[in-house]
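Keep the sequence beside it while you read.

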Amino acid sequence: MTTNFNRVAQCIVGPYGEEGSLIEGQRIAFKVVKDDDPKANTMDVQIYNCAPATCALFESTDNSIILNAGYAGDVRQLAAGDITRGISKMQGADRITSSECGDGLRTLQTSRVSVSYEGDVTAQQIIDDLASKMGLQVRDTLADLSGKYNSGWAFVGPARDAMTSVANKFGLSWSVQNEEIQITEYRGTNTTEAIVISPDTGLIGSPEPLDDTRDDTKDSKEDPGLQIKTLLNPNYEPGGIVVVNTRDYNNAEFRIKRVEHDGDTHGANWFSTLEVVER
């Protein structure tokens with residue numbers, strides 16, 4: 001991917017779990033922020049000059065949005081989320097409809113569980129049961145989920161807190177990515193193929209060291225890592241691996257901690273900005 005031309009963005013909007021309406025050909029702008037924390041990733045979408053019935057879809061908090069983006073011939077799912085706020089406003093001659101969304105937000109906020117296990121029970125069993133109760137799929141993982149509670153386990157309360165309890169017990173991390181549960185080892189990586197970043201594959205400028213502004217002084221904290229800006233690439237997700245080839249880095253492997261996708265089919269922005277740490 002070496003060009004910023006032939007940009008494509010599409011939205012599918014409708015009630016969660018049902019076939020939605022495909023919106024394409026309109027001017028679409030968006031900002032998506034994903035990180036590896038167990039809280040909802042965010043997505044803000046602006047659609048220009050929709051018909052009134054289409055505006056109503058993006059304004060309804062009963063609906064969810066799937067955002068696809070990329071380049072002509074290579075369009076992929078970039079993000080998904082439940083609408084938390086939608087509004088239409090006139091800006092000059094344009095009617096701009098804006099939706100604010102959270103990835104898996106509905107289930108993260110509302111899913112509660114009451115589970116009880118006797119005897120030996122593995123992290124895999126519990127995670128699968130919790131995910132089922134949350135209505136989400138668990139992605140394939142490289143993490144070891146064979147760890148056991150040897151004397152049973154019980155939990156009553158928010159499903160997200162139950163998942164965090166299990167993850168902390170067995171040295172795991174979890175998050176919701178595109179309405180799927182991603183499990184990794186603590187500070188580990190997911191199963192996606194490594195992505196090469198270089199001037200030939202869309203790198204903009206040079207990787208920049210991030211300042212360490214945290215108050216935490218524990219020896220176990222991670223280095224702040226690098227910030228890398230590239231042409232928009234929907235394949236970047238937290239937990240993914242990038243291989244950086246520049247004047248200062250030769251096949252250096254990093255793990256993605258955070259990514260911000262910022263795009264506009266008719267504007268200047270069509271970028272992904274990554275925060276990465278060395279593996």
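Predicted model: local features only at pLDDT ≥ 70, side-chain atom pairs only at ≥ 80, totals over all residues.

Residues are numbered from 1 along each chain as its sequence is written, and side-chain values use heavy atoms, with hydrogens and water left out.

Begin with the pockets. On a 1 Å grid over the protein atoms alone, a pocket is an open set of points where a 1.4 Å probe fits, with protein on both sides within 12 Å along at least five of seven lines; its lining residues have an atom within 4 Å of a point. A volume is the space filled by probe spheres set on the points, which are joined across faces, edges and corners. The largest pocket has a volume of about 660 Å³. Its lining has 33 residues, and those nearest the centre are Asp-36, Asp-37, Glu-222, Arg-255 and Lys-257. At least two lining residues come from each of α4 (159-169), β13 (172-177), β14 (180-185), β19 (252-264) and β20 (270-278); helices (H or I, at least four residues) and strands (E, at least two) are DSSP runs, numbered from the N terminus. The lining divides into 11 nonpolar, nine polar and 13 charged residues. Here Ala, Val, Leu, Ile, Met, Phe, Trp, Tyr, Cys and Pro count as nonpolar, Asp, Glu, Lys and Arg as charged, and the others, Gly among them, as polar.

The second largest pocket has a volume of about 290 Å³. Of its 17 lining residues, Thr-192, Glu-193, Pro-234, Asn-235 and Glu-237 lie nearest the centre.

Now find helix α3, residues 123-134. An α-helix has 3.6 residues a turn, so residues three or four places apart point the same way. Just after α3, Gly-135 takes a positive phi of about 75°.

Finally, the structure holds zero disulfides (pairs of cysteine sulfur atoms within 2.5 Å). For Cys-50, the nearest cysteine sulfur is that of Cys-55, 4.9 Å away. Cys-50 is buried, with a relative accessible area of 5%.

Terms used: Expected span 1.5 Å × (residues − 1). Buried < 20%, exposed > 50% of the residue type's maximum accessible area, 1.4 Å probe, protein only.
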